[in-house]
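These are my notebook entries on one chain.

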Amino acid sequence: MHTKRIIPCLDVNNNRVVKGTNFIHLRDAGNPVEVAKAYNAAGADELVFLDITASSDRRKTVVDMVRDVAAQVFIPFTVGGGIRTIEDFRLLLREGADKISINSSAIMNPNLISDAADKFGSQCVVVAIDAKRRIDGSGWSIYKNGGRVDMHMDAVEWAMKVQQLGAGEILLTSMDCDGVKQGYDIELTRSIAEHVSIPVIASGGAGAEEHFYDVLTDGKADAALAASLFHYHELEIMDLKHYLNDKGVPVRI
């Protein structure tokens, strides 16, 4: 089994880290640069920075903040939000991002995935998928613009397509579980992981140590992402890693 990764996520809105429930009801969680610096020291394996309203506001990611965060962290750093062009990729990679996450722009222009992979390498192209279970229970649909627009596209089929186009990783968020703290959507995560060979980062629903264990084993995720649980110190990263290690899950201590 490959080493599993624990990844805090900074959802940024108006230059502040925020956290909500089911993609709404946002509350403040601090200054992005200070929060990032603390996670770097706390043993996080990677860091994800998502400018959560950039796409819906039709603006670009806050470049200055990316530069400031990159100066404080020495772990792989993924940036997403409002990235629409190859030039956007180039700019953010130049400012210190290691990987770029695209969601709405990948849905609207799938060639962006292959173009970016050709130019910068698959390893830095992360496709974020926001998925919600269909009312009839037949599977999951994907959404764009921060969970605002149902694309009526099947999540598993889309995951397979993004891999085919050259994505190096999938950041998979369960909209149903986001912020609820009742556990990750194991069925969704496993369904995606079983249909692709690239790493899947599970997101949405972490509320306790066992939730990470479940998604990294039963859910077949390669990494687990969480936000509020870490932001508000309900769970410390190194405590979580020791727990996982004791249960036989390989992690970097």
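This is a predicted model: local features need pLDDT of at least 70, side-chain atom pairs count only at pLDDT 80 or more; totals for chains, interfaces and linings use all residues.

I number residues from 1 along each chain as its sequence is written, and side-chain values use heavy atoms, without hydrogens and water.

I looked up the lining of the second largest pocket and found eight nonpolar, two polar and one charged residues. A pocket here is an open set of points on a 1 Å grid over the protein atoms alone where a 1.4 Å probe fits, with protein on both sides within 12 Å along at least five of seven lines; lining residues have an atom within 4 Å of a point. The volume of this pocket is about 150 Å³, counted as the space filled by probe spheres set on the points, which are joined across faces, edges and corners. Ala38, Tyr39, Phe230, His231 and His233 are the closest to its centre among the eleven lining residues.

Helices (H or I, at least four residues) and strands (E, at least two) are DSSP runs numbered from the N terminus. I recorded ten helices and twelve strands in the chain. Helix α1 gives the most to the pocket lining, with four residues.

The C-alpha atoms fill roughly 45 × 45 × 35 Å along the principal axes.

Ala155, Val156, Ala159 and Met160 in α6 meet Ser191, Ile192 and His195 in α7, where contact means heavy atoms within 4.5 Å. I sorted these contact residues into five nonpolar, two polar and no charged.

Terms used: Ala, Val, Leu, Ile, Met, Phe, Trp, Tyr, Cys and Pro count as nonpolar, Asp, Glu, Lys and Arg as charged, and the others, Gly among them, as polar.
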